[in-house]
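Please read these notes with the structure open beside you. They cover one set of strands and then the domains.

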Amino acid sequence: MHPALVRRFVLPRMLRRTWPELTARRGELEASQWESAAQHEERQVERLRTLLGEAARSPFHGPRIAAAGLANGGLSSLADLRRLPILEKQDLKDRREDILVTGVDRSTVTASATGGTTGAPTRYYWDDRYWCLSSAVTQRAYGFLGFEPGDRHAMIWGTAFHQSWRARAKETWTQRLKNLLVIPGFELSEERMGVWAKRLARHRPKVVEGYTSLLLLFGGFLLRNGIRDIRPKAVVSSAEKLYPWQREFIERAFGAPVYDRYGTREVGCVGAECPSRQGLHLSSEHVIVEVVRGNEPVPVGESGELVITCLSNRVFPFLRYRIGDLGRLLAGSCDCGRGLARLELTEGRVHDLLTTAHGTYLPGEFFPHLFKEYAGVHSFHIHQRSDKSVHVRVVKTPAWAPEQEASWTREIQKVMGNVQLSLEYVPKIEATAAGKLRFTSSDVPVDLVNQAKEMVGA
Ligand SMILES: [Zn+2]
């Protein structure tokens, strides 16, 4: 369908309830991106004050806000935010219902789960207001690249588990109406990639988006087979850290510049590159990003742990949330002239590719995607030995039940094929020397990665 028709008729009907607000927020964001850093900070203080006012009604946050002297408009600058303790992933697990603000009409909030960045699934809530702001911020990030809703779009992505054929058919139909083609990223054999490459060429996407490892996998297929008829205007890499050699390899495969984006399911789009590609522009109207070591702030330019406050979710406040990724704030301004501060991820989610019994590769991103479906999983670690056998370690929660084990074992075998699978329940998963962000690892050498590195001389 013509993109203009999708924008004018399809999306407003499909998103009847939220479309007017989403469009209004997007309009505001278009203007505010050019404002100065000082104006952004002023807006952040104002929005933070409102958020703290709402969050005071959360049984979890209320006492913390009061103890920090931030109740009743006690915040005068962004620095005051540091008086609040950091919200840890463990708090989300232990106190989820208490974090929710009291007096919220339950019928207006949606519960979500994320596989998280540290091998520990978490659950949280959001409402329409958050959804509109968060979606508007994501739309603006696409807008940096000249892409608007309704334009032809393709994603190489993880798809839902336990979905009925009816639900899947409905989803495919909805995607088609939106000019979106989704390639299921966890089922990519050579044969399937061949089928998808043909469909992708016919789809003529303006933007192709995917997990970094999936773009590598699919890009490798295109290069090996000399396929050159998939030529989007831009490729967006998200969900995993993008290294320079990966960017170069993916650019070669798709013949288009690659732009990095950083977001998380809990707080949406945190930052995105503009065409100048001088760091990720923060979604400053939507999030406040601090960089800390332990609990102490680190100066601009130095790397540390990212702590994120989401200004848009007032029903389930993420106040100083330690997200599990590492980065540094960049000094100075970007050539594009936007006033949005910039971030560089120094270490983000890195997963090894696992090798399946069929000789294909499975991105490690599969596992957080899978385990977020099970309330019985507190955290997990996956290791593939050189004989391809897979060892899964799981820390249980009180919600664990035996049928969950059968269910996730089935899902793993479906994608991994006939590999030996061993399961171990452990009280705790220790951080590895390679860092806590690597919760999938494999001893099987991956030719694709070595070939790609060789090709770009990395
Ligand atoms: Zn820029």
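How many bridges join strand 10 to strand 11? The answer is in point 2.

1. This is a predicted model, in which local features need pLDDT of at least 70 and side-chain atom pairs count only at pLDDT 80 or more, while totals for chains, interfaces and linings use all residues. Residues are numbered from 1 along each chain as its sequence is written.

2. Two bridges join strand 10 to strand 11 (residues 296-297), and the two run antiparallel. Strands here are DSSP runs (E, at least two residues), and helices are runs of H or I with at least four, both numbered from the N terminus. Strands count as paired if DSSP finds at least two bridges between them. Val-292 has Pro-297 in strand 11 as its bridge partner.

3. Strand 10 and strand 11 make a hairpin with two residues between them. In the turn, Gly-294 has a positive phi of about 65°.

4. Strand 10 (residues 287-293) also pairs with strand 12 (residues 304-310), antiparallel, over six bridges. Here Val-291 is bridged to Leu-306 in strand 12.

5. The protein chain is assigned domain 1 (1-349) and domain 2 (353-455); such bounds come from an automatic or database domain assignment. The domain centres, taken over C-alpha atoms, are 25 Å apart. Domain 1 gives 32 residues to the contact and domain 2 gives 30, where contact means C-beta atoms, placed from the backbone, within 7 Å.

6. On the side of domain 1 that touches domain 2, strand 1 (109-114), helix 9 (212-224) and helix 10 (244-254) each supply at least two residues. Helix 9 gives the largest share of that side, five residues.

Methods: Two residues are in contact if their C-beta atoms, placed from the backbone, lie within 7 Å.
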